[in-house]
Amino acid sequence: MFEFDQYLGFLAFLTIVTIGFWLMIFLLLFVVPYWVGGNLMEFFKEKREARRAKRNS
């Protein structure tokens with residue numbers, strides 16, 4: 001069915017696809033929400049500081 005080099009190529013392909021799949025899952029579930037949450041916190045902090053500066057001046 002498969003020769004040994006074809007088997008190794010198939011295993012390398014499956015490994016690369018699996019690593020890409022888990023990297024995509026990690027990015028979608030952890031990195032992107034962390035990035036969006038941090039940006040929202042910074043946005044609200046800047047709005048609050050601008051409101052305080054406007055009120056104090």
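## Accessibility and basis of the model

A residue is called buried when its relative accessible area is under 20%, exposed when it is over 50%, and partly exposed in between, with a 1.4 Å probe and protein chains only. Of the 57 residues of the protein chain, 0% count as buried by this rule.

This is a predicted model, in which local features need pLDDT of at least 70 and side-chain atom pairs count only at pLDDT 80 or more, whereas totals for chains, interfaces and linings use all residues. Residues are numbered from 1 along each chain as its sequence is written, and side-chain values use heavy atoms, with hydrogens and water left out.

## Overall form

The secondary structure of the protein chain amounts to 1 helix and 0 strands, where helices (H or I, at least four residues) and strands (E, at least two) are DSSP runs numbered from the N terminus. The C-alpha trace spans about 80 × 15 × 5 Å along its principal axes.

The chain exposes about 5700 Å², of which carbon and sulfur atoms supply 71%, the areas coming from the Shrake-Rupley method with a 1.4 Å probe, and for residues only the protein chains shown count as cover.

## Distances along the helix

Between glutamate 46 and leucine 8 the separation is 38 residues in sequence and 54 Å in space, C-alpha to C-alpha. Phenylalanine 26 is partly exposed at 42% relative accessible area, while glutamate 46 counts as exposed at 51%.

## Salt bridge

Side chains of opposite charge can pair when their charged atoms come close. With a salt bridge defined as a side-chain nitrogen of Lys or Arg within 4 Å of a carboxyl oxygen of Asp or Glu, the count comes to 1.

That salt bridge joins the side chains of glutamate 42 and lysine 45, at 3.7 Å from N to O. Both residues lie in helix α1 (residues 4–56), 3 residues apart, or about one turn of the helix. Glutamate 42 is partly exposed, with a relative accessible area of 40%, and lysine 45 is likewise partly exposed, at 35%.

Lysine 47 is located in helix α1 and is partly exposed, at 46% relative accessibility.

Lys and Arg count as positive and Asp and Glu as negative, with His and the chain ends not counted, and the place of a charge is NZ of Lys, CZ of Arg, CG of Asp or CD of Glu. The mean positions of the 7 positive and 5 negative charges are 32 Å apart.
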